[in-house]
Amino acid sequence: MEIITATLIITLFATVCGALLGFASIKFRTEVNPIVDQINELLPQTQCGQCGHPGCRPYAEAIANGEAINRCPPGGEAGIKALADLLELDVIALDESCGEEIRERVAVIREDECIGCTKCIQACPVDAIVGAAKLMHTVIASECTGCDLCVPPCPVDCIDMPFVAITTDNWRFSNPDHSVNFISIKQVS
Amino acid sequence: MTDILLLLVSTVLVNNFVLVKFLGLCPFMGVSSRVETATGMAAATTFVLTMASLASYLINHFILEPFGLEYLQVISFILAIAVVVQFTEMVIHKTSPMLYRLLGIFLPLITTNCAVLGVALLNVNKGHNFIESIVYGFGAASGFSLVLILFAAIRERIAVADVPKPFQGAAISLITAGLMSLAFMGFTGLVKL
């Protein structure tokens with residue numbers, strides 16, 4: 001008899017808990033805008049903040065809320081086109097007030113001049129700089145997004161931003177935008 | 001009032017959950033490599049432990065004891081804690097995205113922490129009343145937070161220190177934890193309950 005009471009009470013308790021959770025999952029459902037994720041994937045993830053937002057995802061959220069799509073210099077022309085395709089907007093020129101489109105670059109620290117102040121480490125949005133106080137710092141080239149943010153804080157100006165040399169690994173076929181994207185269409189009635 | 005205060009101090013310092021009772025050691029070793037994650041974990045634990053001791057007291061007092069089902073404590077406490085944590089996670093996700101991002105993945109992780117179940121069971125063993133249960137849970141969590149953040153800060157320093165090769169990695173962390181435990185033994189006798 002006792003075992004039946006025990007089973008009943010535990011079952012009842014579990015049912016109440018389950019019902020509570022089920023109710024909560026409907027009542028407190030959070031709407032996640034799926035378009036934000038899609039926009040975020042098209043952005044270059046440099047986290048450079050040139051668009052005026054603290055990172056790529058906040059900019060993606062702003063675009064989803066109707067901000068202009070031409071405020072991302074690292075994404076450049078190609079990025080604007082991809083965004084325009086996704087959102088069915090017109091392709092517009094890059095907003096010059098945010099910065100110019102530049103070729104892919106990577107930060108390099110002149111290590112014998114580095115005094116180990118850690119200021120660039122704090123500035124790096126992607127944690128691509130390793131080092132500790134009063135020890136030499138260096139850049140993990142594969143993590144660096146070339147965003148420039150570590151250059152101004154350096155008190156001894158020992159950070160260079162050279163262009164990435166084109167090798168067989170990072171060479172891309174140039175976008176044939178004059179032959180493919182702008183075929184003139186003749187209306188034949 | 002003095003009793004409550006003494007209970008709080010004794011749980012935080014004298015009977016510290018991590019360094020004296022050796023409960024909740026997995027998050028103590030696992031998420032203590034950076035101070036920021038340790039702080040997030042500490043906040044989540046404080047929240048969950050307080051909620052857990054509250055919920056388990058209510059369950060024990062109003063469901064298990066009237067029916068003489070004390071032997072079902074473990075399973076019903078686990079169930080109640082999991083439900084409370086999941087429920088609050090949903091509510092926080094809806095009402096405060098900022099807090100949700102701060103506590104993040106730590107909330108569901110902490111549900112299966114042995115310190116959480118430990119608090120619930122110890123509350124019953126010690127025969128704490130409603131207020132004492134909550135204070136005990138909060139005190140345990142504060143003690144956990146204190147040593148977790150201290151330990152994370154030490155480990156950040158150790159990460160850049162010149163540690164002899166045989167001691168590198170987990171070895172030096174465990175030695176550090178042992179030394180901290182020894183140091184906390186100094187609090188014994190601070191409070192007599």
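**Figure 1. Contacts and elements of chain B in a predicted model.** Of the contacts in chain B with a separation of 6 or more, 79% are between residues 24 or more positions apart. Two residues are in contact if their C-beta atoms, placed from the backbone, lie within 7 Å. This is a predicted model, in which local features need pLDDT of at least 70 and side-chain atom pairs count only at pLDDT 80 or more, while totals for chains, interfaces and linings use all residues. Residues are numbered from 1 along each chain as its sequence is written, and chains are lettered from A and ligands numbered from 1 in the order in which they are written. Chain B has 9 helices and 0 strands, where helices (H or I, at least four residues) and strands (E, at least two) are DSSP runs numbered from the N terminus. Buried residues make up 36% of the 193 residues of chain B. A residue is buried if 20 or more other C-beta atoms lie within 10 Å of its own, exposed if 12 or fewer, and partly exposed in between, with C-beta atoms placed from the backbone.

**Figure 2. The largest nonpolar core.** This core has 42 residues, and those with the most contacts inside it are Val48(B), Ala52(B), Val116(B), Val119(B), Phe144(B) and Leu148(B). A nonpolar core is a set of buried Ala, Val, Leu, Ile, Met, Phe, Trp, Tyr and Cys residues joined through C-beta atoms within 7 Å. At least two residues each come from helix 3, helix 4, helix 6 (106-110), helix 7 (114-125) and helix 8 (130-159) of chain B. Helix 3 of chain B gives the most, with 12 residues. Apart from this core lies another, of 13 residues, including Cys48(A), Ile129(A), Leu149(A) and Ile159(A).

**Figure 3. Surroundings of Val119(B).** Neighbours within four places in sequence are left aside here; the contacts of Val119(B) are then Leu49(B), Ala52(B), Ser53(B), Tyr136(B), Gly137(B) and Ala140(B).

Figure 4. Helix 1 (residues 2-14) of chain B has the buried residues Leu7(B), Thr11(B), Val12(B), Leu13(B) and Val14(B). Helix 8 of chain B is included in what covers them. Leu190(B) lies in the segment after helix 9 (170-185) of chain B. Leaving aside neighbours within four places in sequence, Leu190(B) is in contact with Leu13(B) and Val14(B). From C-alpha to C-alpha, Leu190(B) and Leu13(B) are 8.6 Å apart in space, and they are 177 residues apart in sequence. Leu190(B) counts as exposed because it has 11 other C-beta atoms within 10 Å.

**Figure 5. The contact between chain B and chain A.** Chain B and chain A each bring 14 residues to the contact. On the side of chain B that touches chain A, helix 3 (35-67) and helix 4 (73-95) of chain B are the elements that give two or more residues. Helix 4 of chain B gives the most, with 9 residues. The residues on this side of chain B are 10 nonpolar, 3 polar and 1 charged. Ala, Val, Leu, Ile, Met, Phe, Trp, Tyr, Cys and Pro count as nonpolar, Asp, Glu, Lys and Arg as charged, and the others, Gly among them, as polar.

**Figure 6. Two residues with positive phi.** Most residues other than glycine have a negative phi. Glu88(A) is not a glycine, yet has a positive phi of about 55°. Glu88(A) sits in the loop between helix 4 (76-87) and strand 1 (108-109) of chain A, and is exposed, with 6 other C-beta atoms within 10 Å. Phe22(B), a residue other than glycine, has a positive phi near 55°. The loop between helix 1 and helix 2 (25-30) of chain B holds Phe22(B), which is partly exposed, with 15 other C-beta atoms within 10 Å.
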